[in-house]
Amino acid sequence: MSPSRRNFSVLRIPCTKPGCNRWFKNKSGYTQHTNAVHPVLSAAPLHAPELPQPNRSPSPIFNGDFDGAGEEDLSGIPRSAQSPAPAEFFGAGDRLYRNYHPSLTGRPCDPEGNFLPPGALPLPLSEKSTDDWTPYRDRLEFELADYIFTKNQTPAAQIDHLLDLWAASLLRAGADSSQVLFTDHRDVYRTIDNTPLGDVKWRSFSVKYTGDIPDEGPTPWMTESYDVWFRDPHQVVQNMLANPDYAQEVDLRPYREFATETNERQWQDFMSGDWAWNQADQIAKDPATHGSTFVPVILGSDKTTVSVATGQNDYYPLYASIGNVRNNVRRAHRGALAVVGFLAMPKTTKQHAKTAIFRRFHRQLFHSSLSFILQNLKPGMTKPEVVRFGDGHYRRVIYGLGPYIADYEEQVLLACIVRSWCAKCTSNSRALDDDNILRKRLHTDTLIEEFDHGTLWDEYGIIAQLVPFTNDYPRADIHELIAPDLLHQIIKGAFKDHLVAWVEKYLVATHGQAQADIILDDIDRRIAAAPAFSGLRRFPQGRNFKQWTGDDSKALMKVYLPALEGYVPTDIIRTFRALLEFCYLVRRNIITETTLEEIDDAVARFHQYREIFKDSDVVSTFSLPRQHSIKHYNTLIRLFGAPNGLCSSITESKHIKAVKEPWRRSSRYKALGQMLVTNQRLDKLTASHQDFYARGMLNGTCLTSVLATLNARASREHDDTGQHEPPVSSPPGEDENEDIDIIDDPTSVLAHVELAKTPQGTKRAQSIPELSIELRIPDLADLVRCFLFEQSNPEDARDPTEVPLLEFPHYRGRISVFNSASSTFHAPSDLSGIGGMKREHIRACPLWRNECACNDCVFVITDSNARGMLGMDVARVMAFFSLRQHGRPIPCAVVRWFNRVGNAPDPDTGMWMVKPAFSAHNTPHFAIIHIDTIFRAAHLLPVFGTVPLSPSIKFHHVLDIFKLFYVNKFADHHAFEIAS
C-alpha cells in the first residue's frame, strides 16, 4: 500500500538505501540515521571471491601497452559511502526528485580546466557571422549540396545532368556563368570535402597471423593480411559532446530518480541506472576527478549483408554512442550514433573454416582490433580532459567503456564463451534457468588460473585461450557490459524462433500433418483478416513466408494471439500472453519498481505455462540462451535504465544509412573505400547543418530567405524582410494515404485530435439530411440536436433521454465532411520523434485506397477520473464533420458505440472484450461526439472462436461481421499502456 502524501514544501534529503523511505531536513540528521540504521560494513563481493587480479591482455598482435592496471572489483563496497547524494526536485509540479552523484557533478570550466563560478555564461558556440556559409557561398548552395548528396542520393551522372539544365536555365534568363552554383559533381564533392566540421579521417591497419605454422606448411589464411578501417573514436565522441542539436538532451551527472509522493524509484535514460553511478563511485576515489563529467562510450557491432545475389557482400560495422544522451536521441540517431570502424572478417576454405586454430585467430582478431581502435580513449579514462559541450560550456570529462550492443552470436564472441552458454551468468548450458551467480572478470580470470582448458570449456563454458578487449581498459568487465537485446533475444528469438515454431510442432503432434496444415491455413487467414490500423503491417498471406525481418516479427506479435484461440490449449495462449506482456513492459520508456515487479510476474507466468510444450513432447529442454536471457532483464534495467535505449534495433537501423545505402551508391568494385568517403561526406553535411542551425541561419525555407535578401537589397529603409512562409495546403485526399507521422518538435501535450486540413466539399454530404442518407442513420438529425444541447448546456445534469425533444436546438446549416482526423499524442516507446511525439491518422472514408470503406475505431474519454479502459469507451467512427454554432466551428464525429464485456480483461489473453452496442429498439447505438473527447485510435481484433474463417472474408469485412472483439492492447506500446 502506498504511503500517504508527505508535505514537501521544504526540500528534504531522502535516504537512498533500498526499502528505506525516511526523509531528513538536513545533512546531520541523514548522517546520524545512516550510521545507526545503515552502518558501512566491509563486505565481501557478492559474485566472486576476493583474489589477486591476473594480467590478461587481448593485444599481443599490436604489442600495445595495455596492461589493464588499476582494475578493482568494487561489488562489495557500498555506493557513495563518502557522502549522501543531494536531492533536487525535477520536472513539472515537483512530482519527481533526483539524487545526483555528489562527486562527478559536470561543473563548467574554462578551456584550461579551471572551474567557473555558478551561473557563469558559456562562450558563444561560434564566432562566425550569421552570413558565413563556408565552404559554401550561400544557403542555396548548401541546401542544394545537402539535397543532392543526402536526401536524394543523386548519382554523379545525374548530378551533372541536373547542373547542366540549371545552368542552361540561368543563362537563358540572362544570368552570367558566375551565378551557376556548381560546375559538375566533382565540384559538389570537392566543396563538401572542404568542410572542416565533422572531419574525422578514416585510417586503417593490417593484421596477419603470427602464431605457429603447421609442419605441412601454412594454410592460405595464415599468409594473408587483413585490413581494419576505423576513425578515432576519441574525436567522434568529442564531436557528439559538442553537438548543439541535442544539447538540452544530455545528462551530465549520474542520478537516481524517485516519485515524490511514493518514493518509488524509476529508471529511464542511461544515466539513471546503477552502473553509471557505480562507475562514478570508482572514478571519484581520485579527488582530481571531482567536478568532472563521466562519459560512458557505448559500442555496438553486427555483421550485415548488402547483397546476396552478387556474391554475399558482408560488412562488419562498429558503432559508437555516448551514455549521456537520452534514449530518445540515440533511437532517433540525430548524430548520437556513429560508425567508427569496419572490422575484418577472415575467410578461408570449408576445409579450414572449422579448425580450432582458425576459429581462435578469427575471434582474437576481433578483440585485438577493438582494443587497438579504442586506444586513444584510454588516457581520458583515468585523467580528466577538457571538452567543449553543445551548450557552449567546457567541462572536464572522464571516459569509460559502456555497454556493448550485440545479438547472441556477438555476445558469445565478446564474452569469450562457448556457444549455448549464457554470457551473463555461470548457469550450465544444460540447465540455463537454474539460479546461479553472475559472471565477473575476476571470477573468470581466477577460474582460468585454477583449471585446465578442457574443464573450463565443459564445466564453465569458458574459452581460456581468448582474452576480451575490455581487459585492456580500466573499470571494464565484458560480462557486466553486455546490453539487453530485445530484438534478437525476445522478438526474433523467444517469440518467432521458439513459440511460433513450437505451435506448429504442437499442431502436427496433436492432429497430424494433414490436419495441422488445414489449421495453420486458417490461422493465416485470421492473421490476414486483422483490421487495418495506423502503423500496423498487414499480412495478406498470413505468417507463412520465408524471409523474416525484425519488423515482420514485431508486427506478427501484435495480431498473433487471437488467431490461435480455439486451436491450442489455454496454457499456450497464456504462454504467449506472458511473453508479449514481458516484451511490452520492458519496452516502456520509464520503468518503475512496480513495473519491475510486473516484469518478474510475467517471467514467472511464462516459465509456468510454457511447460505445456515439454509435457506435449514438442521440446525436450528450455535451456535456450535467448529465451533464458529474460531472467536478467530486471538486473539489466537497474544497471542501464530502460532497455529501449540499448536495443540492437538501433544499430541495425543504422546499417541502412551507414552501410547499405553507401554500398548501393558505390561502383561495387572495392566498395568499402567508396563507402567510407560517402560516410565522411554525410558526417560533414550533418555537422554543417548543425552549425548553421545553431547560428540561426536555417530559419524558414531557402525560398523565403532568398526573397528576404532580395527585398532587403531593393528596399533598405523597410524593416519588413518578408520572412513569412506561404500557407501550405494538402492536395485533396492526401491525408487518406498517410498512416503515421514522426514529430521531432518537443511538446508537453499528451493528446490532441484535429480534423484533416482538406474538407471533401461536394464529394461528400454538405448538410445533415444528406449525411443521414449517406450513413443510413435515419435519426441523425435528432442526434445532432442532442449533441448541440449538450454543448450549449454543459452544466445540465439531466440524462439526454429525459430532456424533452422540444428543448433541443435545430440545425439547418451547412456542414463540412472530412475523410480523416489526426491524433497527436505522447508515445515515447513507439516509433516517435525526439520529443516522444507521434501522430496517427484516424480514417472515416467511404473509399480507402480505391478498395473499400475504412472506418477506424477510437478510444473516447468518458470518465477523466478513471484510469485506462475504465475511463474510456470504444467507438467506431462513421464520419468526421464540422458545423457552426454561434459563429464558431465545432469539429464532431458520428460514432457507433461498443460496450465493454465485464469489468476486467479476459483472463487468458489479458485483453478487454467489447461488443457492438444497441439501443432500446435493437438498433445500432449511434451518437455525435466532439473530437476533443477522442483520445486516439483503437484496434479491435475478432474473437474467432472455433469456426474456421471463410476465405471470402477480408480485413475490411471484419468489423461489420463479428459480434465480439478484443481491444488489442498489443497494437503498439501506447495502446498497451491504456488498454492493459
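A surface patch is made of residues with over 30% relative accessible area and no salt bridge, in which nonpolar side chains are joined within 5 Å. In this predicted model, one such nonpolar patch covers about 340 Å².

**Nonpolar surface patch**

- The patch is formed by Leu-703, Val-706, Leu-707 and Leu-710.
- One of these residues, Leu-707, belongs to helix 24, which spans residues 702-714.
- The relative accessible area of Leu-707 is 41%, so the residue is classed as partly exposed, a class that lies between the limits of 20% and 50%.

- An open sheet is built from 5 strands in the order 3-4-8-9-17, and their pairing is antiparallel.
- Strand 3 pairs with strand 4 (residues 96-100) over 4 bridges in the antiparallel sense.
- Within this pairing, Phe-89 has Tyr-97 of strand 4 as its bridge partner.

**A cis peptide bond**

- The peptide bond that leads from Thr-134 to Pro-135 is cis, and its omega is near 5 degrees.
- Pro-135 is located in the loop that runs between strand 5 (108-109) and helix 2 (139-151).

**Positive phi at Arg-475**

- Arg-475 is a residue other than glycine with a positive phi, near 60 degrees.
- Arg-475 sits in the loop between helix 13 (453-460) and helix 14 (478-481).
- The relative accessibility of Arg-475 is 10%, and the residue therefore counts as buried, the class for values under 20%.

**Positive phi at Asn-850**

- Asn-850 likewise has a positive phi near 60 degrees in a residue other than glycine.
- The loop that holds Asn-850 lies between strand 22 (837-848) and strand 23 (852-855).
- With a relative accessible area of 70%, Asn-850 is exposed, whereas Arg-475 is buried; the exposed class takes values over 50%.

Notes
Residues are numbered from 1 along each chain as its sequence is written. This is a predicted model: local features need pLDDT of at least 70, side-chain atom pairs count only at pLDDT 80 or more; totals for chains, interfaces and linings use all residues. Side-chain values use heavy atoms; hydrogens and water are left out. Patches are made of residues with over 30% relative accessible area and no salt bridge: like charges are joined within 9 Å, nonpolar side chains (Val, Leu, Ile, Met, Phe, Trp, Tyr) within 5 Å. Accessible areas come from the Shrake-Rupley method with a 1.4 Å probe; for residues, only the protein chains shown count as cover. A salt bridge is a side-chain nitrogen of Lys or Arg within 4 Å of a carboxyl oxygen of Asp or Glu. Helices (H or I, at least four residues) and strands (E, at least two) are DSSP runs, numbered from the N terminus. Buried means under 20% relative accessible area, exposed over 50%, partly exposed in between (1.4 Å probe, protein chains only). Two strands pair if DSSP finds at least two bridges between them.
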